[in-house]
Amino acid sequence: MIPGRDNQSMENANKFNPNVSVVLNAAGGPVGIIRVQGADAAKFLQGQLTQDVLLLGLSEARLSAWCSAKGRMLASFVLFKNTPDDIVLMCSTSVLPSTLKRLQMFVMRAQCKLTDATGQFEVRGLAGALATELPAWALVRDGESVQLALPPGHHAGAPVPRAVQVRPLADGATLDNNMDDLATWQYLNVTSGIAHISTPISEAFVPQMLNYESIGGVNFKKGCYPGQEVVARSQFRGTLKRRAYIVSAATPLAAAQEVFDSRNPEQPCGTVASAAVQPGGHAFLAIVSMQTSAADSPRLSSGSADGPALTLQALPYPLLEDI
């Protein structure tokens, strides 16, 4: 909630229903799947992603990024292993085609195959009482179906459990295309403080600009991957100058929208990474990557220096200190 909102907003907050069940990979949905199969699947991804894929167990999932040579995030994933040789990468549908095509270029002699497997599974987002309450990134199996716990969303100061259930589709089966709960799911995504890479922001940020080092998306002890030197240097030399923050506004926000600090109106201080509307439609929220110096600005705004005002909200997790 935005401090000082009227009684109607408080009433809408009280009516908020956190119990969400929505198929995320249906037509028009936000999530797609890249499947990596073969004897070298884990080894191949180990050399591409910011996460330690070789050490990933069968009872856990992880957040990860795939970066350019300059350390900029091309895509982000939630990944888990069906088996040691069968790895599922969930990502934004908007970046999936380009990501799959580009990743396939690096397979070369590795014994693995990458495919768009979006239509082979049902990916269902669950929240509230419908989500199994487990530690974040824990994974439980029920036959061929898996349910993995995500970091919680938040509403009115209280955590809302979230999970993703992934199950294979039988031949000829179709996906439920009911998107009634999608807006609530996206709102909980934003309030979790975790932004996922979509086309408008691809190559805009190094992982630390979205707090990935603080939410388990970067492993600094693993071997080489594209952009590793830039990512490591950002962490180990000096102060991180850009971080991700949650903001609220009275008008809609959108990914890639610029953010301004009133003390420096000539140039933007940040960029919206992901955005959502609070259920009830009385407030809008976003994850913004911006200069840390702007966090104490007397006025933040979207679009221009005299645009709609933004209000900083508390992050739901602590930030890893610079090393």
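These are my notebook entries on a predicted model.

**Ground rules**

I work from a predicted model, where local features need pLDDT of at least 70, side-chain atom pairs count only at pLDDT 80 or more, and totals for chains, interfaces and linings use all residues. Residues are numbered from 1 along each chain as its sequence is written, and side-chain values use heavy atoms, with hydrogens and water left out. Helices (H or I, at least four residues) and strands (E, at least two) are DSSP runs, numbered from the N terminus.

**Entry: strand E4**

I began with strand E4, residues 73–83. I call a residue buried under 20% relative accessible area, exposed over 50%, and partly exposed in between, using a 1.4 Å probe and protein chains only. Ten of the eleven residues in E4 are buried.

Next I looked up its partners. Two strands pair if DSSP finds at least two bridges between them. E3 and E4 run antiparallel and share six bridges. Five residues separate them in a hairpin, and glycine 71 in that turn has a positive phi of about 80°. The hairpin from E4 to E5 passes through two residues. I noted valine 78 as the bridge partner of methionine 90 in E5.

**Entry: the cores**

A nonpolar core is a set of buried Ala, Val, Leu, Ile, Met, Phe, Trp, Tyr and Cys residues joined through side-chain atoms within 4.5 Å. The largest has 77 residues. Phe80, Leu89, Met90, Leu148, Val166 and Leu210 have the most contacts inside it. E4 supplies the largest share of this core, seven residues.

I then checked leucine 148, taking contact as heavy atoms within 4.5 Å. Beyond its neighbours within four places in sequence, leucine 148 is in contact with residues including Val78, Phe80 and Met90. Another core, of 13 residues, lies apart from the largest one; Tyr245, Leu253, Val288 and Leu300 are among its members.

**Entry: aromatic pairs**

Rings of Phe, Tyr and Trp (its six-membered ring) pair if their centres lie within 6.5 Å; planes under 30 degrees apart count as stacked, over 60 as edge-to-face and the rest as tilted. I count two aromatic pairs.

Phenylalanine 16 and tyrosine 187 are edge-to-face, at 5.8 Å centre to centre and 70° between the planes. Phenylalanine 16 lies in the loop between H1 and E1 and tyrosine 187 in helix H4, so the pair ties together parts that are 171 residues apart in sequence. Both phenylalanine 16 and tyrosine 187 are buried.

Tryptophan 66 and phenylalanine 106 are also edge-to-face, at 6.5 Å and 80°. Tryptophan 66 sits in strand E3 and phenylalanine 106 in the loop between H3 and E6, 40 residues apart. Tryptophan 66 counts as buried because its relative accessibility is 2%. Phenylalanine 106, at 35%, counts as partly exposed. Tryptophan 66 also has a bridge partner in E4, alanine 75.

**Entry: two arginines**

Arginine 35 lies in strand E2, residues 31–37. Its relative accessibility is 16%, so I log arginine 35 as buried. A polar contact is a pair of N or O atoms within 3.5 Å; within protein, one must be able to donate a hydrogen and the other to accept it, and residues adjacent in sequence count only if both atoms are side-chain atoms. The side chain of arginine 35 makes one with that of aspartate 86, at 2.7 Å. Another, at 2.8 Å, goes to the side chain of glutamine 120.

For arginine 162 I looked at its charged end, which sits over the ring of tryptophan 185, 5.6 Å from the ring centre. The rule is NZ of Lys or CZ of Arg within 6 Å of the ring centre and within 35 degrees of the ring normal.
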